[in-house]
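Dear colleague,

Please find below the structure that I am passing on to you. I would be grateful if you would look through it alongside the notes that follow it.

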Amino acid sequence: MKMVKYSYLCTNLGFMQWINSLFAIHSAMQTVIVLSLICAVGLAFGKFRVWGVSLGVAFVFFIGILAGHLGLSVDARMLDYAENFGLILFVYVLGMQVGPGFFASIMDDGLRLNGWGLAVVIVGTLMALLFAQITPVGLPDMAGILCGATTNTPALGAAQQTLQQLGLPASGAALGCAVTYPLGVVGVIVGMVVLRKLLVRPAQLKSHPTHSEDETFIARFEVVNPALYGKNLAQIKQMCHTEFIVSRIWRNREVIVPKSATTLQKNDRLLVVTDQNEVDAVEILFGKREKEDWNRNDVDWNALDAKVESRVIVITRPELNGKKLGQLQLRNTYGVNVSRILRGDVKILATYDKRLQYGDRLTLVGEADAIDHAEKFLGNSVQTLNEPNLGAIFIGIILGLALGAIPIHVPGMTIPVRLGLAGGPIVVGILVGAFGPRFHLVTYTTRSANLMLRKLGLSLYLACLGLESGAHFFETVVRPEGLLWIGLGGLITVLPVLLVGAVMLRMSRFDYGTICGILCGSMANPMALSYANDTLEGDTASVSYATVYPLCMFARVIIIQMVLMFFL
């Protein structure tokens with residue numbers, strides 16, 4: 001009997017030691033298990049909806065706070081590494097995703113987007129100054145509350161350095177940031193939900209393209225302009241400045257795949273792909289537009305003629321990455337026309353000067369044999385698209401961190417400003433996504449791979465952030481000044497979002513997704529961006545986030561130093 005009890009005791013002791021090694025004893029394995037558990041539980045609970053709202057990946061943050069409060073912890077250095085790596089991975093891959101359309105967005109609306117983003121920054125800063133005057137909270141502590149409410153740790157670092165140079169303690173700023181940070185993360189989501197419930201019109205929920213390349217338009221025209229009779233397409237292109245592609249010509253009962261030397265005759269009917277803004281100009285050029293709608297998703301292009309086929313071919317030959325479409329000579333070499341380029345969800349007019357990227361889908365029009373030959377040249381190996389070029393991602397992260405570490409000296413500022421761990425990678429990610437193909441760098445990732453990398457990085461970041469905040473969160477809240485700090489931080493988070501968001505909804509022409517991206521970027525809040533992406537269609541939130549994030553983050557770092565130097 002004693003042997004049985006002893007064996008039972010040893011078994012229990014061994015079981016407890018095993019559990020202890022998994023969750024309590026700091027090690028690499030224990031760190032992975034704890035963070036994985038937080039992410040798994042948070043993602044599971046994030047699917048539940050309350051009053052029609054689900055937090056998605058954002059719920060990982062709350063599970064992290066709960067785990068920290070219950071006593072779970074991991075090695076501090078490993079926690080710091082996992083948190084920073086998750087944030088870096090998220091912002092870099094996000095930059096790569098929005099890079100192809102980023103500069104077109106800057107050209108169209110960049111000034112307005114950043115103007116509204118800076119408005120959020122200024123309103124929050126003015127509120128912090130006002131609260132420092134009318135409440136018992138001093139400006140050094142209020143600086144930390146402002147940094148936490150806007151989830152901006154680079155600004156906190158700048159504030160601490162400024163306070164130390166002024167001979168003042170910086171511990172209050174750090175504590176104020178720690179207390180208000182969790183509500184700062186959630187407050188932006190609360191503000192967006194309130195705006196959507198109370199002020200957003202149904203039309204504003206529809207995603208609007210941020211640049212003209214997403215507005216290709218197909219129409220059929222009849223040639224009744226005598227000035228075009230007997231002229232070939234190359235001559236006509238030289239006569240006008242309008243961009244268009246002629247993919248088919250109907251002449252009598254014959255369908256022709258045109259080349260540059262193809263001449264037009266009276267009453268030829270042309271299937272033309274152009275920019276939506278150029279439709280009227282193309283109609284004036286050719287003379288008559290037919291009313292049939294060729295932009296429906298259910299058009300069967302291969303039923304138009306038995307000899308002419310339309311097929312989508314994917315560029316999977318790495319050596320074609322970065323080349324201009326005109327350099328391929330597809331029309332003269334293979335007798336096929338490229339009518340459109342599909343890059344992600346963006347439809348691009350296939351003009352000669354368009355630079356191609358690995359993974360672009362080209363719509364080829366021509367005879368079946370001709371398209372078969374062109375397909376061999378372009379690759380069309382869809383299987384290879386499932387193998388993302390991870391080397392380019394890691395090289396980009398290295399370059400992003402190097403850029404983020406460069407000190408930028410601003411006149412009048414005693415402390416240099418840096419883009420930091422988040423600012424540098426997102427800038428390089430945008431540049432790589434936009435210009436990588438020009439240097440023959442393969443940056444293509446499938447949409448699902450891009451989304452997985454972003455969610456993996458954000459989940460790690462939020463799990464670490466919650467675990468770090470949860471250890472002392474509740475004990476700080478019950479301190480005499482804790483609730484006051486949290487209340488002030490909540491107001492600094494939510495009110496600028498509501499005020500500026502409401503004005504944008506009434507005065508600007510932006511859709512709600514773009515407005516959400518501006519609000520999230522100006523508050524440096526990737527979790528709120530993830531919520532916006534999960535609840536809205538399209539990528540407008542991500543594009544506007546990436547547009548305003550660098551400047552607003554940079555502005556907050558400078559403004560917090562100016563406030564402390566001029567008002568203390």
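This is a predicted model: local features need pLDDT of at least 70, side-chain atom pairs count only at pLDDT 80 or more; totals for chains, interfaces and linings use all residues.

Residues are numbered from 1 along each chain as its sequence is written, and side-chain values use heavy atoms, with hydrogens and water left out.

Helices and strands are DSSP runs numbered from the N terminus (H or I of at least four residues for helices, E of at least two for strands). Two strands are said to pair if DSSP finds at least two bridges between them.

An open sheet is formed by 5 strands in the order 3-2-4-1-5, with antiparallel pairing. Its edge strands, each pairing on one side only, are strand 3 (254-256) and strand 5 (287-289). From one strand to the next, the twist averages 30°; axes are lines fitted to C-alpha atoms, for helices over the stretch in contact, and angles run from 0 to 180 degrees between N-to-C directions. Strand 1 (residues 216-223) is joined to strand 5 by 3 bridges, and Glu222 stands opposite Lys288 of strand 5. Helix 9 (residues 279-286) lies across strands 1, 2, 4 and 5, running at about 130° to strand 5.

Contact here means heavy atoms within 4.5 Å.

Salt bridges

The structure holds 9 salt bridges, each defined as a side-chain nitrogen of Lys or Arg within 4 Å of a carboxyl oxygen of Asp or Glu. In one of them, Glu290 pairs with Arg220, with the closest N and O atoms 2.8 Å apart. Glu290 is in the loop between strand 5 and strand 6 (308-314), whereas Arg220 is in strand 1, 70 residues apart. Both residues are buried (buried means under 20% relative accessible area, exposed over 50%, and partly exposed in between, with a 1.4 Å probe and protein chains only). A network of salt bridges links Arg220, Arg269, Glu290 and Glu292.

Arg311 and Asp372 also meet in a salt bridge, at 2.8 Å from N to O. Arg311 lies in strand 6 and Asp372 in helix 12 (residues 368-378), so the pair ties together parts that are 61 residues apart in sequence. Asp372 is partly exposed, with a relative accessible area of 30%. In a further salt bridge, Glu319 and Arg317 have their closest N and O atoms 2.6 Å apart. Glu319 is partly exposed at 42% relative accessibility, as is Arg317 at 25%.

Cavities

There are 4 cavities of 30 Å³ or more. A cavity is a set of points, on a 1 Å grid over the protein atoms alone, where a 1.4 Å probe fits but cannot get out, and lining residues have an atom within 4 Å of a point. The largest cavity has a volume of about 60 Å³, volume being the space filled by probe spheres set on the points, which are joined across faces, edges and corners. Its lining includes Thr125, Cys147, Asn152 and Arg556. Helix 19 (540-567) and helix 5 (139-149) each supply at least two lining residues, and the largest share, 3 residues, comes from helix 19.

With kind regards

How values were computed. On a 1 Å grid over the protein atoms alone, a cavity is a set of points where a 1.4 Å probe fits but cannot get out, and a pocket is an open set with protein on both sides within 12 Å along at least five of seven lines; lining residues have an atom within 4 Å of a point.
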